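Let's take a walk through a protein model together. Keep the picture at hand as you read, and we will go from the molecules it holds to the chain as a whole.

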Amino acid sequence: MKIVHVASELFPYMKTGGLADAVASLAGTMADRGHEVAVFLPGYRSALDHPGAKSAERTFRIRIELGSELMSGEVRVFSPRKNLRVHLICRDEYFDRRHPYGNGERDYEDNADRFIFFAKGAIEALRLADLQADVVHAHDWQTSLVPLLLRDAERRHGVTLAMKTVFTIHNIAFQGVFPSRVFPRTNLPEELNNIDGLEYYNQINLLKGGILFADRVTTVSPRYAQEIQTPEFGCGLDGVVQTRAEDIKGLLNGIDTAVWNPAVDALLPARYSSANMAGKAVCRTALLKSQSFDVKFTGPIYGMVCRLAEQKGIDLLLANADFFLNQNCRLIILGSGEKRYEEALQALAARAPQRIALCAKHDETMSHLIEGGSDFFMMPSLFEPCGLNQMYSQAYGTIPLVSRVGGLADTVTDADTDPVNGTGLTFPPTNAGLADGLQRSLLLFADKARLAAVQKRGMERDFSWAQAAAAYEQLYQDSL
Ligand code: ADP
Ligand code: GLC
């Protein structure tokens, strides 16, 4: 099949979270399975500076209409592996920025224009490169107009650009809601600016377009596919999602086992496997040392790596600050994002600098060290469409301590309720839930035989992309 992905993040060229990993591994796995895969990504500075992108095999110019304005851009094409081509849609005014969406305090003012330009640019590049896609697969609000804009472009040019469109919701909390004056920038027919189209409480909602108009809609775990049809998790779009109830599938992400595998992980100070765990102790020492903590400490180390956002349950963690201040444990958080959380966590760390640390940055190497060196990995998320770190944690023998929501509930089995199959500890997404999970983690840590059994079961689970890729292949086939 000829498969085209359109996404605002792609590892290793631009990443703020799991979207980058998920798109990269889905595209890469499909390429390895013999499909011809193209990924369209905005030409961010970090992508343009990447060694692979510097040796573009092809560049060409595009001209894009945004309302009555005509804007030019450039497409750079390169091939990082067999069967895979990356197309960077470039326009420095829009994408030569360090962060893709905002400055940490607020989103960029011109996000609507930036991502409408990107979606249109991708479609125009698809047309000019004559890719003749079987499936065009778009991800999240930044690209959710692609199914609509694609059919509109086909009509204008009298051509077929793709057989089918697929849209994946990685996170329904981000919807791309803009004032209605943005609508004309899409150049879509006015009849789409109504309740059955993009209109949403007198504004426009780009995500709604993807949900309503793609041939198939997916999300990233079976449980989240159900949750987003309820008011509690639907973020106001549960009714819209329900209209696609027949077509919406929850396909669980996998993990890229070439990147996230402690047996081969070059970013760790030592490698290990379930058969030989010696390397994990080396990682532990390196992790403690990295924070100038006492390297002889033998109690539990709690790790956390996440965007600092409400979704990730930072408020629950802060509400449980006493646990970390009073228990003989260590807490190491790696995260960047909202300033208010950064400040609150910094203040917590300042109360016990020998035991609690916040690394307020994005750091791939450090994220691997935390997975390798911690005993427990915390994800007290309020909601979690899929979540990747709980799967990385199981692979690294680091016991996930997670809320029982979305993909976390689908991938972590509680070791207290299911002692035979348990791979982690799960709890409801509340302050009391996390408090209970933390208490149970102390009991588990004290019982070394049980701890080792839970670790081993997690490490032996198969979270590779093979299953997910087969499910997407089936979905593409069915749609065709
Ligand atoms: P989300 O996509 O909601 O952020 P996921 O669990 O799906 O959550 O994926 C998060 C990904 O981003 C993981 O690969 C995680 O290691 C990575 N990540 C998050 N914050 C950081 C950070 N500060 N430094 C390095 N990696 C990070
Ligand atoms: C989103 C979700 C996360 C998911 C990721 C990849 O960012 O918040 O749960 O794992 O997308 O699909």
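Start at ligand 2, which has 13 residues around it, the nearest being His 170, Asn 253, Glu 384, Cys 386 and Gly 387; to be counted, a residue needs a heavy atom within 4 Å of the molecule. This is a predicted model, in which local features need pLDDT of at least 70 and side-chain atom pairs pLDDT 80 or more, while totals for chains, interfaces and linings use all residues. Residues are numbered from 1 along each chain as its sequence is written, chains are lettered from A and ligands numbered from 1 in the order written, and side-chain values use heavy atoms, leaving out hydrogens and water.

What holds polar atoms close to ligand 2's oxygen atoms? A side-chain N or O atom of Glu 384 is 2.5 Å from an oxygen atom of ligand 2, and a polar backbone atom of Cys 386 is 3.0 Å from one. Polar contacts here are pairs of N or O atoms within 3.5 Å; within protein, one must be able to donate a hydrogen and the other to accept it, and residues adjacent in sequence count only if both atoms are side-chain atoms. Alone, ligand 2 would expose 310 Å², and the protein buries 94% of that, with areas from the Shrake-Rupley method and a 1.4 Å probe, where for residues only the protein chains shown count as cover.

Where does ligand 2 sit? Domain 1 (2-254 + 465-479) and domain 2 (278-459) both give residues to its shell, so ligand 2 lies between them; the domain bounds come from an automatic or database assignment.

Now move to ligand 1, surrounded by 22 residues, with Gly 18, Arg 307, Lys 312, Lys 361 and Leu 388 closest. A polar side-chain atom of Arg 307 lies 2.7 Å from an oxygen atom of ligand 1, and a backbone N or O atom of Lys 361 is 2.8 Å from a nitrogen atom of ligand 1. The protein buries 94% of the 560 Å² that ligand 1 exposes when taken alone. Ligand 1 also lies between domain 1 and domain 2, because both give residues to its shell.

Finally, step back to the whole chain, which has 19 helices and 18 strands; these are DSSP runs, helices being H or I of at least four residues and strands E of at least two, numbered from the N terminus. The C-alpha atoms fill a box of roughly 70 × 45 × 40 Å along the principal axes.
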